[in-house]
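User: I would like to learn how to read the features of a structural model, one feature at a time. Please give the general idea and then the case at hand.

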Amino acid sequence: MSALTKRFFYTWIISSIGMFLLSYLWHGVILNDFSRLNYPKEIFLLLAALTYIFIGFVVVKIYEAKFF
């Protein structure tokens, strides 16, 4: 695996985890929104994790684009 590929994956994973943790801190701890969910928290957290993985991929891909 090349250094560019490693850097891409590390940045992707770190940004996704960071966004997920900040979201959990904001919605779960500060605002306490999770208590108002009408469906299981596990489903919400799984969908949120998948969403942040996708958003992290898009953000890193745009940031590493050649036109920037």
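Predicted model: local features only at pLDDT ≥ 70, side-chain atom pairs only at ≥ 80, totals over all residues.

User: How many helices and strands does the protein have?

Analyst: Helices (H or I, at least four residues) and strands (E, at least two) are DSSP runs, numbered from the N terminus. The protein has two helices and zero strands. Helix H1 covers residues 3–30, and helix H2 covers residues 41–63.

User: What radius of gyration does the protein have, and what would a compact globule have?

Analyst: The radius is taken over C-alpha atoms, and the globule rule is 2.2 Å times the number of residues to the power 0.38. For 68 residues a compact globule would be near 11 Å, but the protein has 15 Å. Along the principal axes, the C-alpha atoms fill a box of roughly 45 × 20 × 15 Å.

User: What share of the contacts joins residues at least 24 apart?

Analyst: A contact means heavy atoms within 4.5 Å. Taking contacts between residues at least 6 apart in sequence, 68% join residues at least 24 apart.

User: Which residues make the nonpolar surface patch?

Analyst: Patches are made of residues with over 30% relative accessible area and no salt bridge; like charges are joined within 9 Å, and nonpolar side chains (Val, Leu, Ile, Met, Phe, Trp, Tyr) within 5 Å. Here Leu22, Tyr24, Leu25, Trp26, Val29, Ile30 and Leu31 make a nonpolar patch of about 690 Å². Among them, Ile30 lies in helix H1.

User: How many aromatic pairs does the structure hold?

Analyst: A pair of aromatic rings is described by the distance of the centres and the angle of the planes. Rings of Phe, Tyr and Trp (its six-membered ring) pair if their centres lie within 6.5 Å; planes under 30 degrees apart count as stacked, over 60 as edge-to-face and the rest as tilted. The structure holds eight aromatic pairs. One of the pairs is Phe20 with Tyr52, edge-to-face at 6.4 Å centre to centre and 70° between the planes. This pair links distant parts of the chain, with Phe20 in helix H1 and Tyr52 in helix H2, 32 residues apart. Phe20 counts as partly exposed because its relative accessibility is 24%. Phe8, Phe9, Trp12 and Phe57 form one aromatic cluster.

User: Is Ser23 buried or exposed, and what does Ser23 touch?

Analyst: Ser23, in helix H1, counts as buried because its relative accessibility is 14%. Not counting residues up to four places away in sequence, Ser23 touches Gly28 and Tyr52.

User: How many salt bridges are found?

Analyst: Side chains of opposite charge can pair when their charged atoms come close. The criterion is a side-chain nitrogen of Lys or Arg within 4 Å of a carboxyl oxygen of Asp or Glu. The whole structure has two salt bridges. In one, Glu64 pairs with Arg7, the closest N and O atoms being 3.7 Å apart. Glu64 lies in the segment after H2 and Arg7 in helix H1, so the pair ties together parts 57 residues apart in sequence. Arg36 and Asp33 also meet in a salt bridge, at 3.1 Å from N to O. Arg36 is exposed at 60% relative accessible area, whereas Asp33 is partly exposed at 24%.

User: What is the phi of Asn32, and where is Asn32 placed?

Analyst: Most residues other than glycine have a negative phi. Asn32 has a positive phi of about 60° although it is not a glycine. Asn32 sits in the loop between H1 and H2 and is partly exposed, with a relative accessible area of 41%.

Notes
Residues numbered from 1 in each chain as written. Heavy atoms only, no water. Areas by Shrake-Rupley, 256 points an atom, 1.4 Å probe, with all protein chains shown as cover. Buried < 20%, exposed > 50% of the residue type's maximum accessible area, 1.4 Å probe, protein only.
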